[in-house]
Amino acid sequence: MVDGTPPELSLNGAATIQLECGDTWTDPGATAIDTAAGDISGDIVVGGDTVDPNTPGDYTITYDVSDPAGMSSPQVTRTVQGGGGGGGYATPKGP
């Protein structure tokens, strides 16, 4: 059987996440399913920016995956708005 279908790559959680100053960033990741190979989530390559929630700005995280037949899924991205979001000023957390 020839695998002619690329894997399906989907984000876990929202495509845009806003963090407040002092929050801890944990990437919710993504899931990749291939019609021939099944769950290939362990093969996802995560790239892009390093998120610093204490530094205001928008960070882009990229996710890429290929199946054992070499078929690549279209890249998916997540935007993380750090330090108050939207490239604005950091919002300190209250007591």
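Author: Here, two strands count as paired if DSSP finds at least two bridges between them. Strands are DSSP runs of E with at least two residues, helices are runs of H or I with at least four, and both are numbered from the N terminus.

Reader: What kind of model is this, and how are residues numbered?

Author: The model is predicted: local features need pLDDT of at least 70, side-chain atom pairs count only at pLDDT 80 or more, and totals for chains, interfaces and linings use all residues. Residues are numbered from 1 along each chain as its sequence is written, and side-chain values use heavy atoms, with hydrogens and water left out.

Reader: OK. In what sense do E6 and E7 pair?

Author: Antiparallel. Strand E6 (residues 57-64) meets strand E7 (residues 76-82) over seven bridges. Thr62 stands opposite Thr77 in E7, and Thr60 faces Thr79.

Reader: Which sheet are they in, and what is its order?

Author: An open sheet of four strands, in the order E2-E7-E6-E5, with mixed pairing. E2 (16-18) and E5 (45-48) stand at the edges with a single partner strand each, so one side of each has no neighbour in the sheet. The twist averages 25° from one strand to the next. For that angle, axes are lines fitted to C-alpha atoms (for helices, over the stretch in contact), and values run from 0 to 180 degrees between N-to-C directions.

Reader: And E2 with E7: parallel or antiparallel?

Author: Parallel, through three bridges. Ile17 has Val80 in E7 as its bridge partner.

Reader: What about the strands in the other sheet, E1-E3-E4?

Author: That sheet is open too, and its three strands pair antiparallel. E1 (8-11) and E4 (38-39) are the edge strands, each pairing on one side only. Four bridges join E1 to E3. Leu11 has Ala30 in E3 as its bridge partner.

Reader: Back to E7. How many of its residues are buried?

Author: Five of seven, which leaves E7 mostly covered. Buried means under 20% relative accessible area, exposed over 50%, and partly exposed in between, using a 1.4 Å probe and protein chains only.

Reader: How many residues are in the largest nonpolar core?

Author: It has 14 residues. Such a core is a set of buried Ala, Val, Leu, Ile, Met, Phe, Trp, Tyr and Cys residues joined through side-chain atoms within 4.5 Å. Those with the most contacts inside it include Leu9, Tyr63 and Val80. E3, E6 and E7 each supply at least two of its residues. E6 gives the largest share, three residues.

Reader: What does Val80 touch?

Author: Leaving out residues up to four places away in sequence, its contacts include Ile17, Trp25, Val51 and Ile61. Contact means heavy atoms within 4.5 Å.

Reader: New topic. How many salt bridges?

Author: One, where a salt bridge is a side-chain nitrogen of Lys or Arg within 4 Å of a carboxyl oxygen of Asp or Glu. Asp27 pairs with Arg78, and their closest N and O atoms are 3.1 Å apart. Asp27 lies in the loop between E2 and E3 (30-34) and Arg78 in E7, so the pair ties together parts 51 residues apart in sequence.

Reader: Is Arg78 buried or exposed?

Author: Buried, at 0% relative accessible area. Asp27 is partly exposed, at 28%.

Reader: Last one. Where is Gly42?

Author: In the loop between E4 and E5. Gly42 counts as exposed, at 77% relative accessibility. Its C-alpha atom is 8.5 Å from that of Thr31, eleven residues apart along the chain.
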